[in-house]
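The exercises below each set a task and then work through a solution step by step. Please keep the sequence and the structure open beside the text while you read.

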Amino acid sequence: MIPPATPPPAVPLRNHDLAELRRLDVAHHLAPQQDWQALEDMGGSRIIVRGEGCNIIDGDGMRLLDGMAGLWCVNVGYGRSELAEAAYNQMLELPYYNSFFKTVAPPTVTLAAKLAGLLGGHFSHIFFNSSGSEAIDTLIRIVRHYWQVLGQPQRQVIISRTNGYHGSTIAGMSLGGMASMHTQGGPLLPGIVHVMQPYKFAEGFDESEDAFAARAAQAVEDAILAAGPENVAAFIGEPVQGAGGVIIPPAGYWPRVEAICRKYGILLCCDEVICGFGRLGQWFGHQHYGFTPDLVTMAKGLSSGYLPISAVGVADFIVAAIKSNPDDFVHGYTYSGHPTAAAVALKNLEIIEREDLIRRTREDTGPYLAQCLADLAGHRLVGEARSLGLIGAVEIVAEPGTNRRFGSREGGGGKAGIVLRDICIANGLMVRGVKDSIVMSPPLIISHAEIDRIVDTISAALDAAEPVLRDL
Ligand code: PMP
């Protein structure tokens with residue numbers, strides 16, 4: 001049984017002047033990843049004023065079940081007074097100090113040791129940053145420096161996947177494979193090669209799992225050979241691609257990719273920003289798939305989003321090589337190892353352990369979500385409903401048994417997810433639309449009843465959306 005989430009603090013809702021907040025939002029706030037004109041046309045953003053357990057509450061008092069855990073991050077749910085206390089106590093004692101001056105604060109070191117223990121194997125060391133994007137920049141800096149120290153500075157190529165997401169800084173969006181970001185953000189960081197994603201539903205519909213896994217992995221080897229193995233520094237991938245639409249690779253993909261990286265002596269990098277901290281039912285996604293990366297990025301669930309903090313786990317052989325170089329590693333951020341963020345992260349990990357959220361995700365809530373989605377897969381507009389642990393996606397199709405999309409005959413397609421998302425939100429469920437799918441990643445404290453609500457709301461939304469979808 002799932003224990004109830006920590007009861008919300010008995011703090012009365014503040015009386016916000018919503019109209020004024022929305023006016024200020026339009027007048028002064030530039031929202032991330034948004035169409036600013038569209039936001040202005042709708043009179044400003046929805047004001048979210050509170051979170052409780054798995055729910056968020058807006059300024060009008062509407063309660064939404066947060067099927068996205070914020071942005072894939074609020075793993076322990078909202079309203080955790082322990083996390084507020086951890087921040088409060090650390091702020092009174094030492095809110096901030098840097099780690100540049102041969103100095104460090106206690107929570108920073110303790111968290112590094114904790115993460116090294118959770119990663120296990122050859123990961124004894126951790127580098128801290130504040131966001132997933134910063135972690136990706138750190139990863140690229142370490143990868144490049146490592147090969148320079150080894151006397152192979154020509155190893156500049158990093159292989160990544162189409163539709164992968166690795167952040168929004170210039171390095172992050174270049175490394176990621178989001179075409180829309182590349183179009184706006186260029187010129188891109190040179191030396192990055194994108195290969196096909198392991199998205200079987202869209203790109204291998206008629207193939208067997210194994211044939212598709214082999215073909216997608218072969219694309220990595222082909223890219224290595226095309227660049228010349230001696231020029232390739234690393235491969236990077238998310239265990240499950242999150243922002244790209246919860247792309248769950250077929251079994252056989254990751255072991256093959258790992259073997260290919262080993263064959264050519266290329267660093268294997270794993271972006272665990274979404275998959276880490278229990279999302280797939282293990283501490284880390286690579287542990288689910290059974291491969292051993294050389295560098296691991298983490299963020300989001302590390303602090304359940306209560307404060308910004310991210311980390312990079314670096315394999316011992318890389319650390320040893322960099323230590324053998326007499327120079328400083330000239331990279332780091334003001335907030336690397338931020339003491340208050342680290343204290344909150346430590347308390348968050350303690351909650352995840354104490355409430356056994358990872359085993360529950362693996363053995364109870366994850367399988368329950370999969371079972372509910374399997375029922376939903378019978379809906380005539382659902383092409384596939386997949387999940388792993390507590391991350392999932394529903395593919396919307398125009399014809400049962402196919403992967404044909406609404407509106408695609410007219411060269412369109414890609415809009416069904418947004419239609420569905422808006423209906424779900426209007427009915428009290430926060431989910432995200434990604435092209436022709438909707439994706440979910442609820443807090444790990446979610447109950448069976450709340451999972452039922454997610455799936456029932458999506459099912460009803462599909463019925464309601466059908467006339468609109470047939471018009472696309
Ligand atoms: N990597 C992955 C896999 C992500 O999902 C994200 C964010 N969604 C990032 C990196 C970037 O993290 P941030 O937004 O904290 O910079």
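**Exercise 1. Find the polar contacts and the shell of the ligand.**

Solution. Start with Lys300, where a polar side-chain atom lies 3.0 Å from a nitrogen atom of the ligand, a polar contact being a pair of N or O atoms within 3.5 Å, where inside the protein one atom must be able to donate a hydrogen and the other to accept it, and residues adjacent in sequence count only if both atoms are side-chain atoms. The protein covers 83% of the 390 Å² of accessible area that the ligand has on its own, with areas taken from the Shrake-Rupley method and a 1.4 Å probe, where for residues only the protein chains shown count as cover.

Before going on, note that this is a predicted model, in which local features need pLDDT of at least 70 and side-chain atom pairs count only at pLDDT 80 or more, while totals for chains, interfaces and linings use all residues. Residues are numbered from 1 along each chain as its sequence is written, and side-chain values use heavy atoms, with hydrogens and water left out.

Next, take Asp271, which has a polar side-chain atom 2.7 Å from a nitrogen atom of the ligand. Gly132 takes part through its backbone, with an N or O atom 2.9 Å from an oxygen atom of the ligand.

Finally, widen the view to the residues around the ligand, which are Ser131, Gly132, Ser133, Tyr165, His166, Gly167, Glu238, Asp271, Val273, Ile274 and Lys300; a residue belongs here if one of its heavy atoms lies within 4 Å of the molecule. By class this shell has three nonpolar, five polar and three charged residues, where Ala, Val, Leu, Ile, Met, Phe, Trp, Tyr, Cys and Pro count as nonpolar, Asp, Glu, Lys and Arg as charged, and the others, Gly among them, as polar.

**Exercise 2. Describe the second largest pocket and its lining.**

Solution. Begin with the volume of the second largest pocket, which is about 980 Å³. Of the 27 residues that line this pocket, Ser99, Ile126, Phe127, Phe329 and His331 are the closest to its centre. On a 1 Å grid over the protein atoms alone, a pocket is an open set of points where a 1.4 Å probe fits, with protein on both sides within 12 Å along at least five of seven lines, and lining residues have an atom within 4 Å of a point.

Then ask which elements contribute: helix 5 (106-119), strand 4 (125-129) and helix 13 (316-323) each supply at least two residues of the lining. Helices (H or I, at least four residues) and strands (E, at least two) are DSSP runs, numbered from the N terminus. Sorted by class, the lining holds 14 nonpolar, nine polar and four charged residues.

**Exercise 3. Decide whether Thr340, Lys102 and Ser304 are buried or exposed.**

Solution. Thr340 lies in helix 14, which spans residues 339-354, and it is buried because its relative accessible area is 1%, where buried means under 20%, exposed over 50% and partly exposed in between (1.4 Å probe, protein chains only). A polar atom of the Thr340 side chain lies 2.8 Å from the backbone oxygen of Pro95.

Lys102 sits in the loop between helix 4 (81-93) and helix 5, and it counts as exposed because its relative accessible area is 84%. The phi of Lys102 is near 55 degrees, a positive value in a residue other than glycine.

Ser304 belongs to the loop between strand 9 (295-298) and strand 10 (310-314), and it is buried because its relative accessible area is 1%. Ser304 also has a positive phi, of about 50 degrees, although it is not a glycine.

Terms used. Grid points are joined across faces, edges and corners, and a volume is the space filled by probe spheres set on the points.
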